[in-house]
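Dear colleague,

Please find below the structure for your review. My findings follow it.

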Amino acid sequence: MKGLVVSLLLLVVMTYAMFEPCQALTCQDVTTSLAPCANYLTGKGTATQQCCGGVRKLNGLANNTANRRFACNCMKDNAGRLKGLRYERINQLPAQCGVGLSFTIDLNKCNS
């Protein structure tokens, strides 16, 4: 009987894991992840531990081409709100945080 209960519990857990819906990336995720990087992106500071944590989180969330394009477009839409943004720092930020990217971030070419 104990083996049957354990088997049923395991089956329920496995079924839930298989059918758990994927979380969609939102602009709020992008904004929240990069907000601690404002001083770095405007040239007023370094990439802090909190900033780099957000960069790593965003890199994990933007785990496919569609999500990376979406994140890029969110950054593009919000770039004008950050006074003094130094665009070259956007590309430097992942490396500053030890995150390797196989592409260049170009807010003018988000969909390519």
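In what order do the elements of the protein run from the N terminus on? They run α-α-α-α-α-α. The protein has six helices and zero strands, where helices (H or I, at least four residues) and strands (E, at least two) are DSSP runs numbered from the N terminus.

This is a predicted model, in which local features need pLDDT of at least 70, side-chain atom pairs count only at pLDDT 80 or more, and totals for chains, interfaces and linings use all residues. Residues are numbered from 1 along each chain as its sequence is written, and side-chain values use heavy atoms, with hydrogens and water left out.

Of the 112 residues, 28% count as buried, that is, under 20% relative accessible area with a 1.4 Å probe, protein chains only. Among contacts (heavy atoms within 4.5 Å) with a separation of 6 or more, 73% join residues 24 or more positions apart.

As to the largest pocket, its lining comprises 35 residues. A pocket is an open set of points on a 1 Å grid over the protein atoms alone, where a 1.4 Å probe fits, with protein on both sides within 12 Å along at least five of seven lines; lining residues have an atom within 4 Å of a point. Leu34, Leu58, Ala71, Met75 and Ile105 lie nearest the centre of this pocket. Helices H2 (27-34), H3 (38-41), H4 (49-61), H5 (65-79) and H6 (87-96) each give two or more residues to the lining. H5 gives the most, with nine residues.

Yours sincerely

Methods: Buried means under 20% relative accessible area, exposed over 50%, partly exposed in between (1.4 Å probe, protein chains only).
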